[in-house]
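Trainee: I would like to learn how to read a protein model. Could you take me through it feature by feature?

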Amino acid sequence: MVTERPPYADASGKQLMAQATSSIAEGFSITRGGPLHWLLVRLGQAGDGRRLVLRRALAAVLITWLPLLILSAVGGVAWGRQIKIPFLRDLAINVRLLIAAPILILSESRIDRRWRSLVLQFLRTELVGREVLPSFEKILERTARWRDSVLPETVLALIAFIPSLFIVKTELLMSGNSNWHTLNTGAVSAAGWWFNLVSTPVFRFLLLRWVWRMLLWTSFLWSVSRIKLYLVATHTDLAAGLGFLSEGQKAFSPIVFAGGAVIAAQVGNAIAYEGESLSSVKFFMIAYGVLAVLFLIVPLLVVVPVLLKVKRKALLDYGAQVTIHNQLFDQKWIHNHRPAGETLLGNADASSLADLGSSFSVVRQMQLVPIDKPTLIALTISAALPMVPVVLYATPTDELVRALLKMLA
């Protein structure tokens, strides 16, 4: 909503706007809470320090990947040609547990700092004034309570674990080729059981926890958009002052990259071991890129109703001012109703006409979704980058050479 915020005067009598401050906003975090975070705190492993973050990522590898290596080596299926897909040649599993899972952990502190910065931006830009600060802080406190709730993470853990009790085959695009998951008799190997009951649930939980955090952020934006924000339709970010929210979605580039790496590795397995062609699996790569970008745009859709209201009102208000100003300009300079001797050259009337016209143009160009092109490009590149090695692997050398020569020509 748009509101006129009353100014206050400094010692010299100059009228200033009252900028709000909040210790609650300064300490806000979406990632530092919940049962798992409390466990890390008790173990002395919580915190944003580089060493602690690296330890947590390493712990995930030691829990999910290392036992698979040991168990598959003991079972004689870690390497060699006795089976179609030995453990160390399984692209999907190694990329998922050695690259994607650590990224999901390493990205936490960076994304959390970005989110906190965006929360503070509401105060720095005076979108949130002193009179609505209590409502803003209540939203932050409610978000923190949901973050700390035991129920959401418990549900996420159950969703991550229960499918492993009933579904043994969890690999996309893979059929019945012999692999390290199963023994020659068809029974699940020891490594396969660890993968189904530990590695896969842990990875699912890490991924689902980011979905939950995104839901928390979406809820926060929805609630904030319904308090009396001081939005200005002529803001040059073309989003009434909310353009900075796009940076929050751009911060998710590492998560998008991690998901892309998982999909690319699955596709790589299908091409290397199932005989699939690039054309037959390109749908999965394209679909992931589109869905990942759309998923990160959705949180910003909650502010559309407010921006639509601001734009509609501004079109009427600024449109009326432009009309009145143009009429006065027309009477004075076109129909010569001006004081004798006054000339248009150097007169401020022409400049004010252009300025008002520019403001009205900004209002007309105002976007309803506060996301910019650089953010869309960054997310698209993050989704597509992991696919490049797969495309290079699946494309014949002569085609690559021709394509390279065509680019250089």
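The dialogue below goes through the fold, the salt bridges, the cavities and the pockets.

Mentor: Some ground rules. This is a predicted model, where local features need pLDDT of at least 70, side-chain atom pairs count only at pLDDT 80 or more, and totals for chains, interfaces and linings use all residues. Residues are numbered from 1 along each chain as its sequence is written, and side-chain values use heavy atoms, with hydrogens and water left out.

Trainee: How many helices and strands are there in the protein?

Mentor: Helices (H or I, at least four residues) and strands (E, at least two) are DSSP runs, numbered from the N terminus. Here there are 16 helices and 2 strands.

Trainee: What percentage of the residues count as buried?

Mentor: Buried means under 20% relative accessible area, exposed over 50%, and partly exposed in between, with a 1.4 Å probe and protein chains only. Of the 409 residues, 43% count as buried. The accessible surface comes to about 21,400 Å². Carbon and sulfur atoms account for 66% of that surface. Such areas come from the Shrake-Rupley method with a 1.4 Å probe; for residues, only the protein chains shown count as cover.

Trainee: And contacts?

Mentor: A contact means heavy atoms within 4.5 Å. Take the contacts between residues at least 6 apart in sequence: 81% of them join residues at least 24 apart. Thr218 gives a local case. Thr218 sits in helix H8 and counts as buried, at 16% relative accessibility. Leaving aside neighbours within four places in sequence, Thr218 is in contact with Pro299 and Val302.

Trainee: How many salt bridges does a search of the whole structure find?

Mentor: Side chains of opposite charge can pair when their charged atoms come close. The cut-off here is a side-chain nitrogen of Lys or Arg within 4 Å of a carboxyl oxygen of Asp or Glu. The search finds 9 salt bridges.

Trainee: Which residue forms a salt bridge with Arg213?

Mentor: Glu108 does, with the closest N and O atoms 3.2 Å apart. This pair links distant parts of the chain: Arg213 is in helix H8 and Glu108 in helix H5 (residues 91–124), 105 residues apart. Arg213 is buried, at 3% relative accessibility. Glu108 is buried too, at 10%.

Trainee: What separates Asp112 and Arg116 in helix H5?

Mentor: About one helical turn, because they are 4 residues apart in that helix. Their closest N and O atoms are 2.9 Å apart, in a salt bridge. Asp112 is buried, with a relative accessible area of 1%. Arg116 is buried at 14%. Both belong to a network of salt bridges that also links Arg32 and Asp48.

Trainee: Are Asp317 and Lys313 buried or partly exposed?

Mentor: Asp317 is partly exposed, at 36% relative accessibility. Lys313 is partly exposed as well, at 49%. Their side chains meet in a salt bridge of 2.7 Å, N to O. They are 4 residues apart in helix H12 (residues 304–334), so about one helical turn separates them.

Trainee: What lines the largest cavity?

Mentor: Its lining includes Arg147, Glu153, Arg209 and Arg213. Helix H8 (residues 190–224) gives the most, with 4 residues. For classes, Ala, Val, Leu, Ile, Met, Phe, Trp, Tyr, Cys and Pro count as nonpolar, Asp, Glu, Lys and Arg as charged, and the others, Gly among them, as polar. This lining has 3 nonpolar, 2 polar and 4 charged residues. The second largest cavity has 7 nonpolar, 1 polar and no charged.

Trainee: What is the volume of the largest pocket?

Mentor: About 620 Å³. Of its 21 lining residues, Phe203, Leu207, Gly259, Val262 and Tyr288 are the closest to its centre. H8 supplies the largest share, 7 residues. The lining divides into 15 nonpolar, 4 polar and 2 charged.

Note on methods:
1 Å grid on protein atoms, 1.4 Å probe; cavity = no way out; pocket = protein on both sides within 12 Å on 5 of 7 lines; lining within 4 Å. Points joined across faces, edges and corners; volume = space filled by probe spheres on them.
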